[in-house]
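Q: Please walk me through this model one feature at a time, giving the general idea before the particular case.

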Amino acid sequence: MKTSKALASISALLLTAAITLSACSGSSGSTTTQTPATNAPATPAADTPAVTGNTGANDNAAAPLDIITLRTSTKKNCTSTPWVVGEALGIFEKHGIKIEYTGEISETLAAVLSGANDLDADSPGTLALQVAEGTEIIGVGFNQVDPDSDDIDRKYQHMRFYVSPDIGVTNFEELDAYNNGGELTISGVGSANCLTFIPQQALRNNGLDPERLSFVGYDSDTAAVQLVQQGDLTIAGIHPPFYYLAEQEGLVRLFDSRDTGVGAASGTEIYYFTKDFVKDNPVAVQRFVDAITEAQKWGLENPDEAVKLTGEYIGREVNAVHYFYNGSNVSGSDVPAKLIQPWIDDLIRYDALKDGQVKISDVFDPTFINNLSIN
């Protein structure tokens with residue numbers, strides 16, 4: 001069990017090793033070599049526009065790009081949507097990218113640093129802690145974000161948080177009084193990731209003390225639901241593919257990531273490479289950012305199809321997918337600052353970073369989202 005008070009003392013490498021398994025996987029984290037290319041359903045009927053702009057394509061739509069292979073861990077979880085879409089619709093191929101999946105692993109950062117993989121994704125907080133440790137990585141694109149407007153359906157929120165109806169808590173006021181203001185056990189491992197950042201922000205934003213949260217390790221969102229049902233956990237943090245399970249089991253939705261008060265930042269994840277890879281392979285990085293962002297855009301524009309593709313690929317019932325960055329759905333002139341600074345501020349609040357120790361530019365290079373070329 002780890003409490004929020006322990007945040008500053010947890011090593012950055014341990015945080016990264018823990019986050020992939022816990023983030024939203026419905027499995028136990030076993031290694032496989034399955035990939036969307038071999039497991040995705042048949043390609044949906046869709047036009048595939050010619051590649052243009054900054055991806056390296058020429059003006060002749062009939063001339064295919066030379067293919068660049070990029071390696072990453074297999075995403076058999078709630079983050080899989082853009083990868084599955086990119087494969088099923090041929091978006092990666094159109095942008096001259098082939099993705100090689102190397103299996104479901106927990107040590108995603110270690111795989112990138114060793115050269116076994118070229119890229120992966122993680123939260124701004126985890127990347128900031130790694131940069132502070134001297135790790136030579138840099139973010140280049142955005143994966144998940146939270147809806148940037150109250151007009152967007154809350155089904156797209158990065159996480160929902162559920163309790164058992166047996167405890168008689170339905171809102172923040174009742175949660176404040178629960179257990180005489182004492183400890184609140186909640187599913188989560190590591191720190192500086194969505195599992196810890198979101199509930200701490202939500203409680204603080206609604207007048208509760210986030211120090212009451214005591215994070216408990218768990219195997220999956222399914223396991224978190226079961227622990228709440230059994231009375232072994234107060235709150236279960238659940239990701240979109242498993243909302244249906246929590247609600248089918250009669251759990252009470254208490255709050256979601258919109259309650260954090262930090263807007264789009266609450267659900268942010270960043271695609272990253274090593275700095276050397278970005279320096280040596282800028283065309284490959286731009287092609288990847290273009291392709292994955294286009295796949296994310298398609299998913300938001302075709303939610304029913306995205307849900308179907310995701311569910312068939314991960315082999316579980318899915319009734320919602322994450323809200324992904326599409327190149328224009330985060331407001332403001334400085335998107336990296338809006339999405340990353342709240343995470344850095346949180347680390348400073350808990351003394352995990354010193355004020356000014358890590359800047360946004362240390363974590364993220366905006367070159368590639370500034371030069372997006374997608375259809």
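**Reading the model**

Q: Which residue of β11 stands opposite A121?
A: Y271 in β11 stands opposite A121. This is a predicted model, in which local features need pLDDT of at least 70 and side-chain atom pairs count only at pLDDT 80 or more, while totals for chains, interfaces and linings use all residues. Residues are numbered from 1 along each chain as its sequence is written, and side-chain values use heavy atoms, with hydrogens and water left out. Helices (H or I, at least four residues) and strands (E, at least two) are DSSP runs, numbered from the N terminus.

Q: In what order do the 3 strands of the open sheet lie?
A: Strands of a sheet pair through backbone hydrogen bonds, in either a parallel or an antiparallel sense. Here the order is β4-β11-β5 with antiparallel pairing, where two strands are taken to pair if DSSP finds at least two bridges between them. The edge strands, each pairing on one side only, are β4 (120–122) and β5 (137–142). Direction ignored, neighbouring strands of this sheet are turned by 45° against each other on average. Between β4 and β11 (residues 270–274), which run antiparallel, there are 3 bridges.

Q: Which strands does α12 touch as it packs on the sheet?
A: Helix α12 touches β5 and β11, and its direction makes about 165° with that of β11. Contact means heavy atoms within 4.5 Å, and axes are lines fitted to C-alpha atoms, for helices over the stretch in contact, with angles running from 0 to 180 degrees between N-to-C directions.

Q: At what angle do the axes of α12 and α13 cross?
A: The axes of α12 and helix α13 (residues 303–314) come within 5 Å and cross at roughly 115°. The two helices, α12 and α13, are therefore roughly perpendicular to each other, given that 65 to 115 degrees counts as roughly perpendicular, under 35 as roughly parallel, over 145 as roughly antiparallel and the rest as oblique. On the α12 side the contact is made by W298, G299, L300 and E301, and on the α13 side by P303, E305, A306 and L309.

Q: Which residues touch the most other members of the largest nonpolar core?
A: In soluble globular proteins, nonpolar side chains tend to be buried together. A nonpolar core is a set of buried Ala, Val, Leu, Ile, Met, Phe, Trp, Tyr and Cys residues joined through side-chain atoms within 4.5 Å, where buried means under 20% relative accessible area, exposed over 50% and partly exposed in between (1.4 Å probe, protein chains only). The largest core here has 65 residues, of which L70, W83, V140, F142, F273, F288 and I340 touch the most other members. Helix α12 (residues 282–301) gives the most to this core, with 9 residues. A second, separate core of 38 residues includes F161, L208, I238 and L254.

Q: Which residues of β7 are buried on its two faces?
A: In a regular strand the side chains alternate between the two faces of the sheet. Strand β7 pairs with strand β8 (residues 213–216) in the parallel sense over 4 bridges, and the partner of L184 in β8 is L213.

Q: How many of the 9 residues of α6 are buried?
A: Helix α6 (residues 124–132) is mostly covered, with 8 of its 9 residues buried; among them are P124, L127 and V131. Just after α6, G134 takes a positive phi of about 95°.

Q: Where does N179 lie, and is N179 buried or partly exposed?
A: N179 lies in the loop between α7 (172–177) and β7 (184–187), and counts as partly exposed at 42% relative accessibility. Although N179 is not a glycine, its phi is positive, about 55°. N180 is in the loop between α7 and β7 as well, with a positive phi near 55°, but N180 counts as exposed at 80% relative accessibility.

Q: What is the mean pLDDT of the protein?
A: The mean pLDDT, the predictor's confidence in each residue from 0 to 100, is 84, and 83% of the residues reach 70 or more. Over residues 1–23 pLDDT stays under 50, and the model has 65 contacts beyond four places in sequence for that stretch; over residues 25–60 pLDDT stays under 50 as well, with 76 such contacts.
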